[in-house]
Amino acid sequence: MMHTKTDSDVTSLDPSSPRSPKRPVYYVQSPSRDSHDGDKCSSMQATPACNSPMESPSHHSYGHHSRASSASRVSGNYNSSWGRKGNRKRNDKGWPESKVIEEEGGYDEFYHGSKGLSRRAQIFVAIIGFVLIFSVFCLIIWGASRPYKPQLSVKSLTVHNFYFGEGSDMTGVPTKMLTANCSMRITVHNPATFFGIHVSSKSVNLMYSEIIVATGELKKYYQQRKSHRTVSVNLQGSKVPLYGAGASLASLVDNGKIPITLVFEVKSKGSVVGKLVSSKHRQHVSCSVTIDFHNKQPIKLKENACTYV
């Protein structure tokens with residue numbers, strides 16, 4: 001049965017009419033070489049399921065609004081940030097690179113700061129370790145140098161002049177006076193195998209009854225390791241007042257023999273490790289000697305005549 005088409009039907013069937021529903025558009029897209037195998041929407045015919053909501057007939061008004069807003073939003077962002085720059089650098093995964101927000105006082109500064117503190121701590125520990133090791137080394141060297149004590153031996157005493165007479169002291173008090181001129185020979189042996197020594201003695205005294213009648217000095221000198229050396233010391237005394245000891249000395253002069261004592265202290269210093277480690281020794285020497293006026297030869301001292309402390 002034939003029906004006459006009304007104006008409303010003609011209008012609804014007219015594609016240009018705004019009331020006619022928009023029909024879905026089907027199209028075929030050729031597969032691209034760079035497309036992924038699992039992307040079915042790009043390699044197969046488009047269907048309403050694959051179309052975006054903008055092209056769905058059931059969401060015509062929403063799709064039109066979304067398309068307009070998306071177009072404006074994408075065009076604005078794209079033109080401002082991507083469109084002007086053209087080709088943008090991409091990373092290994094194909095994502096475009098973007099700027100990273102940098103915060104003040106980031107982790108790098110904290111990391112470097114902690115690393116610097118750690119480095120300073122390591123340097124401090126290394127210095128302390130070096131000082132301890134060097135101190136132990138110096139202590140061992142010092143302990144090894146202690147047994148190397150210089151060996152002293154007084155060989156002889158020669159009396160050149162010996163005068164006894166009357167006189168007065170600086171205040172004018174009359175007393176017995178003594179003038180003596182002697183020389184002493186002493187041998188020093190340095191047994192150290194790895195360092196030399198400096199030897200000296202500031203006062204070498206010739207005493208009679210606890211009175212110093214002549215004095216001298218052993219000048220400082222350097223003696224090499226494992227060596228012997230004989231040095232001579234001059235002893236002089238001029239018009240030494242004897243006071244109460246003068247009476248006893250007068251009786252001894254008549255006999256020709258006068259007992260005297262030779263007293264002195266020898267100092268030795270060995271530089272083991274420069275000025276940091278040194279070996280120091282002091283030896284007190286005391287020798288009993290009898291002077292004979294009739295014998296002008298050097299008086300040789302026996303081994304038991306002297307004490308070395």
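**Aromatic rings and overall fold**

Author: Phenylalanine 194 is partly exposed, at 37% relative accessibility. Buried means under 20% relative accessible area, exposed over 50%, partly exposed in between (1.4 Å probe, protein chains only). The model is predicted: local features need pLDDT of at least 70, side-chain atom pairs count only at pLDDT 80 or more, and totals for chains, interfaces and linings use all residues. Residues are numbered from 1 along each chain as its sequence is written, and side-chain values use heavy atoms, with hydrogens and water left out.

Reader: How many aromatic pairs are there by this rule?

Author: The count is five. Rings of Phe, Tyr and Trp (its six-membered ring) pair if their centres lie within 6.5 Å; planes under 30 degrees apart count as stacked, over 60 as edge-to-face and the rest as tilted.

Reader: Where do tyrosine 148 and phenylalanine 195 sit in the chain?

Author: Tyrosine 148 is in the loop between helix H4 (107-145) and strand E1 (151-168). Phenylalanine 195 is in the loop between strand E2 (174-190) and strand E3 (197-208), 47 residues apart from tyrosine 148. Helices (H or I, at least four residues) and strands (E, at least two) are DSSP runs, numbered from the N terminus.

Reader: Is phenylalanine 195 buried or exposed?

Author: Buried, with a relative accessible area of 4%. Tyrosine 148 is partly exposed at 24%.

Reader: New topic. How many helices and strands in the protein chain?

Author: Five helices and nine strands.
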